[in-house]
Amino acid sequence: PPPQRSLLRSLLSWRSCDASAVSGMSSVGVDVSALLREEEVMVAGLDHDAGSELAWLDAAAHPNRPLEAGHVLRLPLWCAGKLHDYGHVTLALPEMFSDGPRRDMDADASHLNLRECCDWYFETGRELAGRLNDESLLETLSRGFVARFHKLLGAALSASSRVDTTAQKAKLTRVERALFDAGQHAKRSADAWRLARNAKLEASKFAARRRKRKAGAGDI
């Protein structure tokens, strides 16, 4: 079939699938953060002409004028990714994953404000790298995540529960903030366990001294 019809058929089938998924949300668990990540806007170029019935893909385009090959679209990740997989569009890698940010990541990943770039930086980058067969990006993301993880875990385990950690978490992505909070929770649990253990040990020492005093008094 013509590429325009193939593209329209794909979009309609995905809409139908999405509607079915939404109708079943009440009976199954839904990862809301994953849904929000899929709404991240991507830039993609049309690989072929599209009919006027698909002009709605570009809100700025004339509603009755067909889209030509090479036309640049701004689409949510869920849509752009599928259209890319089926050869309808070519995804453009966002600036936050270009050569400059990659060099910054390798140089000093822990000081980058990735939250400012995208709250799902690593997840989005991994998905795009997979679709674009960009092994270099995958390696950079892996090194960066490991470096940042060690830094944030150290900060989480050393921060006092009385200290405001808002500034420390300001540059972290959503998953990194969850890891930071998990680290702090683990530290508080460990501290509570040590306090309880020390309290029991002190009670045992006191009891031992009391027994010694009683034994001494009995000898007299």
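Me: Which residues of α3 are buried?

Reply: Bear in mind that this is a predicted model. Helix α3 covers residues 77-85, and buried here means under 20% relative accessible area. The ones that qualify in α3 are Leu 77, Cys 79, Ala 80, Gly 81, Leu 83 and His 84.

Me: How are α3 and α6 oriented, parallel or antiparallel?

Reply: Helix α6 runs over residues 121-131, and its axis lies 11 Å from that of α3. The angle between the two is about 15 degrees, and angles under 35 degrees count as roughly parallel. The crossing itself is left-handed. So α3 and α6 come out as roughly parallel.

Me: How many residues in the contact of α3 with α6 are charged?

Reply: From α3 the contact takes Leu 77, Gly 81, Lys 82, His 84 and Asp 85, and from α6 it takes Thr 124, Glu 127, Leu 128 and Arg 131. Split by class, two are nonpolar and three are polar. The number of charged ones is four.

Me: And how does α6 run relative to α7, parallel or antiparallel?

Reply: Here the axes are 9 Å apart and the angle is about 160 degrees. Anything over 145 counts as roughly antiparallel, and this crossing is left-handed too. That makes the α6 and α7 pair roughly antiparallel.

Me: How many nonpolar residues does the contact of α6 with α7 have?

Reply: On the α6 side you have Tyr 121, Phe 122, Gly 125, Arg 126 and Ala 129. On the α7 side there are Leu 137, Leu 138, Leu 141, Gly 144, Phe 145 and Arg 148. Two of the contact residues are polar and two are charged, and the nonpolar count is seven.

Me: Which residues of α6 are buried?

Reply: Some of them have turned up already: Thr 124, Glu 127 and Leu 128 take part in the contact with α3, while Tyr 121, Phe 122, Gly 125 and Ala 129 take part in the one with α7. The buried set in α6 is Tyr 121, Phe 122, Thr 124, Gly 125, Glu 127, Leu 128 and Ala 129.

Me: Is Asn 133 buried or exposed?

Reply: Asn 133 follows α6 and sits in the loop between α6 and α7. Its phi is near 55 degrees, a positive value in a residue other than glycine. With a relative accessible area of 67%, against a cut-off of 50%, Asn 133 is exposed.

Me: Which residues touch the most other members of the largest nonpolar core?

Reply: That core holds 28 residues. At least two residues each come from β1, β2, α3, β3, α6 and α7. The ones touching the most other members are Leu 75, Phe 97 and Tyr 121.

Me: Zooming out, what percentage of the chain's residues count as buried?

Reply: The chain has nine helices and three strands. Among contacts with a separation of 6 or more, 70% join residues 24 or more positions apart. Of the 220 residues, the buried share is 30%.

Methods: Residues are numbered from 1 along each chain as its sequence is written. This is a predicted model: local features need pLDDT of at least 70, side-chain atom pairs count only at pLDDT 80 or more; totals for chains, interfaces and linings use all residues. Side-chain values use heavy atoms; hydrogens and water are left out. Axes are lines fitted to C-alpha atoms, for helices over the stretch in contact, and angles run from 0 to 180 degrees between N-to-C directions. Helices (H or I, at least four residues) and strands (E, at least two) are DSSP runs, numbered from the N terminus. Angles under 35 degrees count as roughly parallel, over 145 as roughly antiparallel, 65 to 115 as roughly perpendicular and the rest as oblique. A crossing is left-handed if the near helix is turned anticlockwise from the far one by less than a right angle, and right-handed if clockwise. Contact means heavy atoms within 4.5 Å. Ala, Val, Leu, Ile, Met, Phe, Trp, Tyr, Cys and Pro count as nonpolar, Asp, Glu, Lys and Arg as charged, and the others, Gly among them, as polar. Buried means under 20% relative accessible area, exposed over 50%, partly exposed in between (1.4 Å probe, protein chains only). A nonpolar core is a set of buried Ala, Val, Leu, Ile, Met, Phe, Trp, Tyr and Cys residues joined through side-chain atoms within 4.5 Å.
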